Every structure is written in C-alpha cells, then in structure tokens.
Amino acid sequence: MDPFFPPALQAHARRMAACALPALFAAEPNRFARFSVSCHDLLLDYSKNRLTEETLALLIDWAHAAGLEQARADLFSGVRCNWTEQRAVLHPALRHLGGQAVYLDGVDVMPGVRQQLARVEQFATQFRAGEIRAADGRPLRHLVNIGIGGSHLGPEMISQALQPYGQDGPEVRFVSNMDGADFLGAVQGLQAAETLFVLASKTFSTRETLLNTEAALRWLREGGVGVSALPHHLVAVTAAPQRAQAYGITPDRIFTIWDWVGGRYSWCSAIGLSIAVRIGYGHFAQMLAGAHAMDCHFQSAPLPVNMPVVLALLGLWSRLLEGADTLAILPYDHALRRFPAYLQQCDMESNGKRIDRDGQVVGYGTGPVLWGEVGSNAQHSFFQLLHQGTHAVAIDFIACANGHTSLHDHHQELLANFLAQSEVLMRGRSPAEVEADLRADGLSAEEILRLLPHRVFPGNRPSNTVLMPCLTPFNLGMLIALYEMKIFVQGVMWRVNSFDQWGVELGKKAAQRLLQESRRLLAGEVVDLGHHDSSTQGLLRQVIAWQKDQSKN
C-alpha cells in the first residue's frame, strides 16, 4: 500500500479488494441514485467504481483532515496559492458574475476584469460585423490565433467544440507548433490583406509564439501589406504590453491579462478573444456563466455531493485500490475530440510535480498520465487494452444525450456504444458465458477449449460517466471548470503546487544553446560539444551532416 494514504483508508482498500462490481450492483439496486451527483445539467455517475458508503465517508474525512475547505477558501480570496512564484490564483474572478469585489492585496480586481471583457466583446462584435478593417479600408475576414499551451489549447478546443454556435461567424485558425508546417497550413488559402493575427502570450517571450509571430510578419509583408499597415493586422493578448509594442502592436490593440492568471486556466480571460470572434461574445458569455455556476457549486456544496471534490477523490481511490496511475478521457462527442489534449496540459502541467509544499521530494505518486480519444474511434484503437490488458486505467466517459446533427441514426448508435462500453468494462464476460456462446455457434469441444481463455473478459474495471443533455456553451463552461477544480483538489491532497510549471523551462534553455551550436556547425565552424553527452553529440552531428547533404541537392 502507498504510505500517502491514511491507514484507515488503506485497511478499507484491503477489504474492498475482494469486492466485485457486479456483486455491488446486485446488492444495491439503488446504486446509481446513491452514487451520482448533479450540478445544473451536468451529471456525474460514479456508481461503477468499487466503493461503498464507507469508502466515500473515509475519503471525505481525509479531505477534511487535509484542509481542503481552507484551501478552497484561499483559492477564491486572493491568497497566494502559487507559493513558488508568490502569486495569487484568481482565474475564477475572470468568470465571476456577481457584483461582489474580489480582492488581491486589498485591491478589487473586478473592475479591470470587466473592462477587458468589455473590450473583448466590442472587438469581437466589430470583427464579426466586418468593422475591423485593413489600412486600405477593406474588412478583415480571417483570424489566425498564434499561441501555445494555454494560449492555444483552450481557444482551439472550445472553438472546435462550439462550432455549431459559430456558423455565422468568421473562420478562425490556430498556430502553435514551431514546425513551419503548422504556420503554413494555417495561412494556406488566406489573403494577407484580409487576415488578422492574434498573438496570445502571457509573457510575450515564449519562443514558439515569437517564432510564429516573426513568420506572420514576413507573410504579411510578402503578401503586400506595407510596414506602416502592419499594426492593422496585429492584436496581442499579454501580461507584458511593452514587449508586444516592440513588435509594432499599438496599445489600443493590446488586451491585458494578469500574472495571477495561469496560462492553462486563461481561456476565460482576453485569451478567449478568438473564441468570442468565432462563436460570438454572447455565447462566450454563456460559457463564462457555466464556469461560474460550477465555481459556485464547488464553493458551496457539501463535500459528499460536491462534483469536483467527488471526482478528485475518486481518482485518488482508483490509484489506491486499482493501482491506476493513468486516466483515459473518452468523450463520445465528435465536437469534444480535442478535449483530451486540452486536459492533458491542464492536469499534467498542474500536478505533474514531485516536490511538496515543504520543499521535500514526495514519497508517493502524484498527477496521473492523462490520455484519451473520441469515441467510437477509441474502441477500434486502444479499448482492447482497457478490456483485456494488464494495465489498470482510470476512465472518464463523457457524452451528450442530444447531438447537433440529425444524420440518420448516428447519434443513437453512438450513445448505445457509449453506454455499452462502461457496462461491459464493469460486468465482463465469464468463462461460462463464453462457453455457452461458442456452443451455440456450433463449435466443437476442442475448439471451445482452445478459444475460451481468449474470449473471456475479466470485467470489474471501474469508470466514471459525465453526462449532459447537449453540448451548449453553458455546459462546456461547466465541464471545463469541473476538471479545473478537480485538479485543484487533487493538488491540495498531494500537497503540490498546481499553479507553477518549472518543468517547462529547462528544456527550452537547453534548446537555445543547441540552436546556437547547430547554426555555427552549419556555417562550418569548429564547435566544442564536450559538455554534451555522447548521444546528444552524435545525434547533433548526424543532423548537421544530413542538412548539409540536403543543401547540396
């Protein structure tokens, strides 16, 4: 057992290890009603976990002992929860709809939040109406968002997920990767004279974003946009306005975010400008309202019926009982196909930490490896491992009762698969059931004996299900906030800082040194690579050799 877990919970897990999910359902006919929780139109069914009332009580007791309520209060009151960077964490203020003040160091941040959202509303409305124009007076019709991480994944995922709400709006494209193919693909078919670039970077120093910004400036100039006209084609969203101005962006085209907004939590700030352009500010505001509704639920609901708290504790319980240190996110809605990628950053950048609040290396596992794919594609990809593999995987199914398309019977079949998968994972298929099926197929006793072990499904594999009536802006806002707060709760329990990301920086610094060395090698200079290991030296020299060969052809 993992020493991270309280002794009482460990003892309970030893007792629960012999329990089978089908038996729990047989013994508790009302299991679904007891082990599910709702917030507005969002339903979390966690009955397909190997747990009982005692399990939930022990988990809640543990959360109380860990000081979760105080940590929750600190999050919403401006306490510097990001203790390594001495920053508050106030992204809930970005979607705070009440008239109450939200204080940071005695200053109400809400006037500034409302001012920036009003600017986003005005700009998005004007852009959609064709009122944002180039220097020659023609309307700008295309928007390309340049960012990476939180400045890219959230806006891209949301714009894609809510595409039905933006059918009357302009096309919005996204660039993140420093691989030039990403930029060229994003601008393919566009006219420079009709294109606006939104440069989204909290620090305005992220190398990938600056590299693509420089590519955008070259592309505009090569497309006939004069140097004096470039500011008409550029907008920045940043906490470093001076750096943005150095790229020729005028102050009236710079939208502000703050250092208390973590990048992966910034979609509801001015980083959401591209979302508001794509789906309209009214729908963007509905998303903010949905996120605010979940924030309010998280603040006020008792822990046993608090959706983010329950979902977070289930993840910890799954690790203790099942040994699951990976989490598969499986949305059965094509619109949410980028949701797993979005959550990968949100979760793994937040809780992929090994140092606790006392500066000590933890002696236990922290953030899970998060992965996933949209159903039903995933069924023909990795569900074999989920059903019959040797790895324990925590699973969250996500689905909408109603889709945005009415293509024959597609959605009904999709939902039938969604419901079937969680049930089969739980029930499995016994040797007796397999044998009966094979006999019914007319197979010989010898063939049955040969095939039977391969056709058995062990079952007893837990999952959670998040269900909503349909994917609306409000519901998507709730869904995102649900996982944001779940991640926060788990960070509290693990005693790690969910709001810094030092692990992102070291590789970037090493890359800059290697960049300079590779340029010098390409220029024919002699470069001492002795400070690198033999593998890195060998790989770099091979890259340079092949690049030189290519340049000769």
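## Cysteines

Cys296 is partly exposed, its relative accessible area being 32%. The model is a predicted one. In it, the cysteine sulfur closest to that of Cys296 belongs to Cys39, at 8.9 Å, which is too far for a bond. A disulfide would need the two sulfur atoms within 2.5 Å.

Under this criterion the model has 0 disulfides. Cys81 is likewise in no disulfide: the nearest cysteine sulfur is that of Cys346, 15 Å away. Cys81 has a relative accessibility of 12% and so counts as buried, whereas Cys296 is partly exposed.

## Packing of helix 1 and helix 13

Helix 1 spans residues 7-16 and helix 13 spans residues 307-322. The two pack with their axes 9 Å apart, at an angle of about 60 degrees. Helix 1 and helix 13 are therefore oblique to each other, because an angle counts as roughly perpendicular from 65 to 115 degrees and as roughly parallel under 35 degrees. Their crossing is right-handed.

## Residues in the helix contact

On the side of helix 1, the contact is made by Leu9, Gln10, His12, Ala13 and Met16. Helix 13 contributes Trp317, Leu320 and Leu321.

Sorted by class, the contact between helix 1 and helix 13 comprises 6 nonpolar and 2 polar residues. No charged residues take part in this contact. Gln10 and His12, both on helix 1, count as polar.

Conventions:
Residues are numbered from 1 along each chain as its sequence is written. This is a predicted model: local features need pLDDT of at least 70, side-chain atom pairs count only at pLDDT 80 or more; totals for chains, interfaces and linings use all residues. Side-chain values use heavy atoms; hydrogens and water are left out. Buried means under 20% relative accessible area, exposed over 50%, partly exposed in between (1.4 Å probe, protein chains only). Axes are lines fitted to C-alpha atoms, for helices over the stretch in contact, and angles run from 0 to 180 degrees between N-to-C directions. Helices (H or I, at least four residues) and strands (E, at least two) are DSSP runs, numbered from the N terminus. Angles under 35 degrees count as roughly parallel, over 145 as roughly antiparallel, 65 to 115 as roughly perpendicular and the rest as oblique. A crossing is left-handed if the near helix is turned anticlockwise from the far one by less than a right angle, and right-handed if clockwise. Contact means heavy atoms within 4.5 Å.
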